[in-house]
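Please work through each task before reading its solution.

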Amino acid sequence: MSLGEENGGGMGGGTGQTRTRLPDSGSGDVYGGARRPTRSSRSLITVVGVVVLLIAAIAFANRSGDAGGDDPAGATGKGPAAATAATGVRPVAGRNGAAIPSGFAHTEQGAQSAAANYAVALGSDGMFNTQRRHEIVQAVADAGTAQKLQAALDTAYSKGLLAQMGLAADGTAPAGATFVNRTLPAGTKVKDFGGGTADVDVWYVHLFGLTGETSTKPVTSGWFTMNLKLKWNGSDWKVLETSQRTGPTPVTGDNPVSGSDEIAAAVNEYGGFTYAR
């Protein structure tokens, strides 16, 4: 949705009354049929101003987050959700053999960071290759549930499924195409924490599909929430089980759709992040 003004909506013909423009019925607009405001140079300036203010506010919040007197780790996680800010505590110690962040803190924030990064790994293109999938599972799963989780995922990522998606048996894309399967967390929420376990939701947008001029499965985006039940193993958080549901899903914006080549270039050129709460 963009900021703008409704042209012709001023004072009516010297009557001293404000003329109100009512929404047209049955227009199909998701917000009750109201007509979309037209863009103007003033509205564009307003949008730019809002963006600049947001950037400045975020920079200021991160800079002021180092002030003394607060919990340095932000470990309690109580109250309403807050924006991620610097806490002075290293969010992750390093990476394991599967290049997935590891060594998360034994706090609610540490559990959220672990859940976000594990969601990225479990929602990556590596899951479509058997060897890489096994590496991911062994890296993120609790020792007591790793074998069960791996068996379930091996069944889910069958050769038949890969063939249906247009992929080879090893999960690679056909010549001239790029396979896209990327998870981008938008936020995390602790549902339960204590006794060495954590129940965390990760809200994320997912990119999936095949680029290429002959692709019949273009890259699309969707919104999902992954639930991860984690266990503290003495040195790190590990996954006991996961589940997924659709949404919450925002209204699609007005951005023009990019071409297949542009999407492929972006996927190959832009790497992922280590997520920290």
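**Exercise 1.** Determine whether Asp 199 is buried or exposed, and identify its salt-bridge partner.

*Solution.* Step 1: Asp 199 has a relative accessible area of 15%. Buried means under 20% relative accessible area, exposed over 50%, and partly exposed in between (1.4 Å probe, protein chains only); Asp 199 is therefore buried.

The model is predicted: local features need pLDDT of at least 70, side-chain atom pairs count only at pLDDT 80 or more, and totals for chains, interfaces and linings use all residues. Residues are numbered from 1 along each chain as its sequence is written, and side-chain values use heavy atoms, with hydrogens and water left out.

Step 1: A salt bridge is a side-chain nitrogen of Lys or Arg within 4 Å of a carboxyl oxygen of Asp or Glu. Asp 199 meets Lys 229 in this way, with the closest N and O atoms 3.8 Å apart.

Step 2: This pair links distant parts of the chain, 30 residues apart: Asp 199 lies in strand 6 (residues 197–210) and Lys 229 in strand 7 (residues 220–232). Strands (E, at least two residues) and helices (H or I, at least four) are DSSP runs, numbered from the N terminus.

Step 3: Lys 229, at 30% relative accessibility, counts as partly exposed.

**Exercise 2.** State which residue forms a salt bridge with Asp 201.

*Solution.* Step 1: The partner is Arg 245, the closest N and O atoms being 3.0 Å apart.

Step 1: Asp 201 belongs to strand 6 and Arg 245 to strand 8 (residues 237–246), 44 residues apart.

Step 2: Asp 201 is buried at 4%, whereas Arg 245 is partly exposed at 42%.
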